[in-house]
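Student: I'd like to learn how to read aromatic contacts in a model. Can you walk me through them?

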Amino acid sequence: MSHPPDRSIPDRLLSPSLSRRSMVAAGGGLAATVVAGCLGGSSAGGEVPAPVSLGAGQACDECGMIIQDYPGPTGQVYFESLPDDRDGPAWFCSGICAYSYRFDRVDEGATPIGTYLTDYSQVEYDLSDDSEPFISAALDADSFALESELFVVAGSEVRGAMGSDVIAFSVREDADSFASTHGGSVRQATAVDRDLIDGIKASTGR
């Protein structure tokens, strides 16, 4: 199992030093119009079930880590066939885990009907004061948005539970501002593919 850097110092990982408002004040609040992707929305043309809160001690379905114990973006994926142990989505401690799990299940024949990621345009977030900072988690159900509504910053210096991650925003200007400050490239979340995720994992030795 992979673990985030400095896992033994949780207070340091979650140390707030810079709020989202101060980071993206110049980023504007314009709404972005996004074309839905075939895996981010409902692949069957129906309504995607609502996201759930991830603050109740759930373990990541990809790596087994307890989601609420770690910083960073998280994710949820609904499939046509729900997990055997619950009436709800598969859930994850990071965007990397969410995509890795989804790609693997699709290869096995599963059909995803909706993917949710933490939307950092609609939550107040903090960054630790590390040279490669950690971003805070947001686990309430209303902090998630469908992949088809999001842009992600990939390859930035900012880390989550599993190290480098994809950081999602529903407002394109927020994503651009984040990438300008912390590096990385911006793309629609529906454009994330296995090559991107595998590249991020390889860059951190996972």
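Student: How many aromatic pairs does a search of the whole structure find?

Tutor: Some ground rules come before the count. This is a predicted model, where local features need pLDDT of at least 70, side-chain atom pairs count only at pLDDT 80 or more, and totals for chains, interfaces and linings use all residues. Residues are numbered from 1 along each chain as its sequence is written, and side-chain values use heavy atoms, with hydrogens and water left out. Rings of Phe, Tyr and Trp (its six-membered ring) pair if their centres lie within 6.5 Å; planes under 30 degrees apart are stacked, over 60 edge-to-face, and the rest tilted. The search turns up eight aromatic pairs. One of them is Y120 with F169, a tilted pair at 6.4 Å centre to centre and 55° between the planes.

Student: Which parts does that pair tie together?

Tutor: Helices (H or I, at least four residues) and strands (E, at least two) are DSSP runs, numbered from the N terminus. Y120 sits in the loop between β4 and β5 and F169 in strand β8, so the pair joins parts 49 residues apart in sequence.

Student: Is Y120 buried or exposed?

Tutor: Buried means under 20% relative accessible area, exposed over 50%, partly exposed in between (1.4 Å probe, protein chains only). Y120 is buried at 0%, and F169 is buried at 0% too. Then take Y125 and F178: they pair edge-to-face, 6.3 Å centre to centre with 75° between the planes. Y125 is in the loop between β4 and β5 and F178 in helix α4, 53 residues apart. Y125 and F178 are both buried.

Student: Which residues form one aromatic cluster?

Tutor: That would be Y120, Y125, F169 and F178.
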